[in-house]
Amino acid sequence: MTGLTGRALRVTVLVGENDTWHRRPLYSEIVHRAQRAGLAGASVFRGIEGFGASSLIHTSRLLSLSEDLPVAVVIVDTEERVRDFLPQLDELVTAGLVILDDCEVILPQSRPRSTGGTPTVGREGAE
């Protein structure tokens, strides 16, 4: 789905970097399934420090050298499409956290154009 603007639902999946699904990184499996499901987009963010249910802190600081840092997979689409995707997350995420948030999507081309300032190079309609 492209051109999504307006009200949407964001799902954030918090897992560990070393979590796997059939020998593949879990975060990668989630992103590929989201793409196959036709969702508007998905991104993976690697955390620098965090802890989960185990209360064990994982950090990227050199002295700690954790190899299982927190990872957040963020997916945004219409509520209907995200909710249709939730059964796949239920299958994949056995440890971690799935968060749903209402949000509003504003694409750069949908924003009102500036009447002054420096022109943006390489964008349609740039001065």
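Student: Which residue stands opposite Val71 in S7?
Tutor: Arg46 does. Before we go on, this is a predicted model, where local features need pLDDT of at least 70, side-chain atom pairs count only at pLDDT 80 or more, and totals for chains, interfaces and linings use all residues. Residues are numbered from 1 along each chain as its sequence is written, and side-chain values use heavy atoms, with hydrogens and water left out.

Student: Fine. In what sense do S4 and S7 pair, and over how many bridges?
Tutor: S4 and S7 are antiparallel, with five bridges. Strands here are DSSP E runs of at least two residues and helices are H or I runs of at least four, numbered from the N terminus; two strands pair if DSSP finds at least two bridges between them.

Student: What is the strand order in the open sheet?
Tutor: The four strands run S4-S7-S1-S8, with antiparallel pairing. Strand S4 (42–46) and S8 are at the edges with a single partner strand each, so one side of each has no neighbour in the sheet. From one strand to the next, the twist averages 20°.

Student: And which strands does H1 touch?
Tutor: H1 packs on the sheet against S1, S4 and S7, and its direction makes about 10° with that of S7. Contact means heavy atoms within 4.5 Å. The axes are lines fitted to C-alpha atoms, for helices over the stretch in contact, with angles from 0 to 180 degrees between N-to-C directions. H2 packs on the sheet too, touching S1, S7 and S8, at about 20° to the direction of S1.

Student: Switching to H2, where is its kink?
Tutor: At Leu86, shortly before the proline Pro87, with a bend of about 35°. That bend is the angle between axes fitted to the seven residues ending there and the seven starting there.

Student: Which H2 residues are buried?
Tutor: Val82, Phe85, Leu89 and Leu92. Buried means under 20% relative accessible area, exposed over 50%, and partly exposed in between (1.4 Å probe, protein chains only).

Student: What about Arg33, buried or exposed?
Tutor: Arg33 sits in helix H1 and counts as buried because its relative accessible area is 10%. Beyond four places in sequence, Arg33 touches Trp21, Phe85, Gln88, Glu91 and Leu92.

Student: Last one: how far apart are the C-alpha atoms of Leu9 and Thr78?
Tutor: They are separated by 5.7 Å, although the two residues are 69 residues apart along the chain. Leu9 belongs to strand S1 and is buried, at 2% relative accessibility.
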